[in-house]
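Please keep the sequence and the coordinates at hand while reading.

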Amino acid sequence: MADNFLRAGQQRLTHCAERTLVDGKDNQKAAELCVEGNAMHYDNVKRYMDAVKLYNRSIAYSTNGSQQRAQAYWERSKVCVKLNRYADCLQNIRLARATDVPGLLRRKLDQSAQCARRMMLSVTDDATPGSSRHGAPIKLSFPAYENAPHVANCLVMRRNPRYGRYLETNRALKVGDVVIIDDPYASVLEPEFCYARCDHCQRPAPFTLIPCEHCTKAMYCSKNCLKRARTQYHEFECALVHHLAETTGDPFVLLAWRAVARAIGTYRYNLRILKQRRHLLSQTEVNPLLFDWVDGQNIAFSAVHILASVARAPNDPVEARAAQLAREMHCHLVRKTELTANYDPGSVPYQWVGEMCYHFLKVMQCNARPAQLTRRDEPVGRYRAVPFALRCYPLISLLNHSCAPNVKCFDLRDSRCAVVVVQPIPAGGQLFTNYGYDYLQTGRAERREGLQRDYGFTCNCSACENNYPTAEPFHSKRVDTILRTRDLSTAARYMAKLLAEMNEGVGDGRVTHQQLAELERYFQLLYCEVLN
């Protein structure tokens with residue numbers, strides 16, 4: 001597979017080293033964005049969340065200490081008052097004071113702070129929309145591996161020519177069992193959410209985001225997240241992130257870049273040790289379930305590095321594009337003097353680093369999955385899944401596909417992902433998830449065509465072999481009311497009753513799609529993010 005990158009990388013890279021990518025601040029642009037935000041905020045428009053996103057963009061484009069940034073923080077504080085978020089209002093006033101160097105807004109900020117403190121005494125500050133009144137933390141349904149506390153010890157990894165690596169259970173599993181709770185190795189936000197969520201932890205924080213001081217794309221919920229992001233990956237991507245987003249429009253590219261950057265950061269810039277580790281992983285058979293996830297170093301990198309990718313012909317347009325994108329990533333890396341102090345411009349410097357870029361790009365294209373929240377759409381008032389990020393999970397990526405899966409992945413509020421059994425699985429049975437082609441929504445011909453195009457295989461799961469019919473989307477006014485009112489106790493009670501029914505009488509048949517859809521809604525309310 002790396003041969004494709006090598007063929008694309010034989011050109012001279014001198015132009016890459018000479019080219020400088022800059023994602024610069026622009027106070028004029030920041031002022032224009034603030035005016036756009038005011039148009040959403042004032043004049044009885046009252047599109048407050050749209051206004052906040054525009055103010056956040058203004059903050060991201062403004063320079064530190066500028067009047068434009070102070071103004072945007074102040075305008076954002078006014079929205080917080082309108083939404084009764086007085087603690088957030090005071091936080092914005094503090095941020096505005098810190099950047100209002102000339103002190104032009106000092107008087108107005110003092111008055112606003114006094115007003116917010118008075119209001120806060122009489123009104124309880126609401127939590128960020130979608131994050132209030134949570135259920136109890138989710139836990140595994142079985143004892144975990146001592147070395148891998150996020151995996152139930154009933155799961156084992158197998159390998160055969162048909163499926164490659166896969167996970168199976170050594171005990172019978174019932175509907176509702178939680179068997180994996182995985183952390184993402186790399187993740188990127190969808191463009192719609194870039195100015196409403198922390199770019200690192202990806203939790204919603206639209207009213208208190210602070211910017212990276214070196215680019216206009218990344219914003220964070222705290223200085224701690226900003227510091228972690230720069231340490232793990234953002235220092236490498238900072239000048240490149242805007243360029244990649246504008247020129248490729250491909251989130252897999254940025255996800256691969258973060259995976260590469262995190263790999264380099266994990267090994268503390270020591271490319272010699274990183275190269276040795278990659279070579280070792282390519283020469284040996286490894287089982288991620290046997291890694292020491294508790295005390296081991298660099299385990300997540302090893303688990304992601306061994307993931308499968310789709311092999312394509314060198315002249316395939318998708319393959320050619322991947323090789324070109326990897327070369328551009330390589331070009332940017334070789335300009336990092338802390339990595340490559342000296343090299344011959346007539347050769348390919350640190351060629352294996354370029355091969356790693358290519359490898360991770362291919363791995364992300366095959367294994368990344370969208371993280372989703374559940375949102376109520378007006379005026380219809382129905383709930384639907386909305387992708388807000390793209391993530392790669394080291395262990396969940398070991399699951400194979402079925403158009404009629406027996407497990408489902410739920411994106412938790414803390415950025416982890418839980419694997420929950422949705423069909424009974426006998427001892428010795430393989431766990432199957434879904435790669436976005438579910439028989440309930442898509443016909444067999446379309447599913448097989450999509451899976452062959454995206455993942456390089458023809459699906460022969462039970463739904464394809466028996467040509468299961470599609471079904472109408474689930475809708476229940478009772479369930480929608482429970483979600484809209486955030487009635488956690490009722491949701492927990494109905495879910496327990498539903499699980500009992502599903503696990504009692506299913507023996508010879510599958511759980512119905514109506515039962516599964518209802519179960520998913522209750523689970524989402526209790527453990528995931530639901531927006532009204």
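Strand S10 (407-411) and strand S11 (residues 417-421) are joined by five bridges in the antiparallel sense, where two strands pair if DSSP finds at least two bridges between them. Within this pairing, Asp411 stands opposite Cys417 in S11. Helices (H or I, at least four residues) and strands (E, at least two) are DSSP runs, numbered from the N terminus.

The two strands belong to an open sheet of three strands, ordered S3-S11-S10 and paired antiparallel. Its edge strands are strand S3 (178-182) and strand S10, each of which pairs on one side only. On average, neighbouring strands of this sheet are turned by 20° against each other, with direction ignored.

## Basis of the model

The model is predicted, so that local features need pLDDT of at least 70 and side-chain atom pairs count only at pLDDT 80 or more, while totals for chains, interfaces and linings use all residues. Residues are numbered from 1 along each chain as its sequence is written, and side-chain values use heavy atoms, with hydrogens and water left out.

## Packing of H11 and H14

Two packed helices are described by the angle between their axes and the distance between the axes. Helix H11 (residues 271-283) and helix H14 (residues 351-367) pack at about 55°, with their axes 11 Å apart; axes are lines fitted to C-alpha atoms, for helices over the stretch in contact, and angles run from 0 to 180 degrees between N-to-C directions. H11 and H14 are therefore oblique to each other, given that angles under 35 degrees count as roughly parallel, over 145 as roughly antiparallel, 65 to 115 as roughly perpendicular and the rest as oblique.

On the H11 side the contact (heavy atoms within 4.5 Å) is made by Leu271, Leu274, Lys275 and Arg278, and on the H14 side by Trp352, Val353, Glu355, Met356 and His359. These residues divide into five nonpolar, one polar and three charged, where Ala, Val, Leu, Ile, Met, Phe, Trp, Tyr, Cys and Pro count as nonpolar, Asp, Glu, Lys and Arg as charged, and the others, Gly among them, as polar.

## Two partly exposed residues

Gly176 lies in the loop between strand S2 (164-169) and S3, and is partly exposed, with a relative accessible area of 22%. Not counting residues up to four places away in sequence, Gly176 touches Ser141, Val420, Val421 and Leu499. Gly176 and Glu520 are 344 residues apart in sequence and 10.0 Å apart in space, C-alpha to C-alpha.

Lys29, in helix H3 (residues 27-41), is partly exposed as well, with a relative accessible area of 28%. Leaving aside neighbours within four places in sequence, Lys29 is in contact with Arg57 and Tyr61.

## The chain as a whole

The protein chain comes to 19 helices and 13 strands, and buried residues make up 51% of its 532 residues.

Conventions:
Buried < 20%, exposed > 50% of the residue type's maximum accessible area, 1.4 Å probe, protein only.
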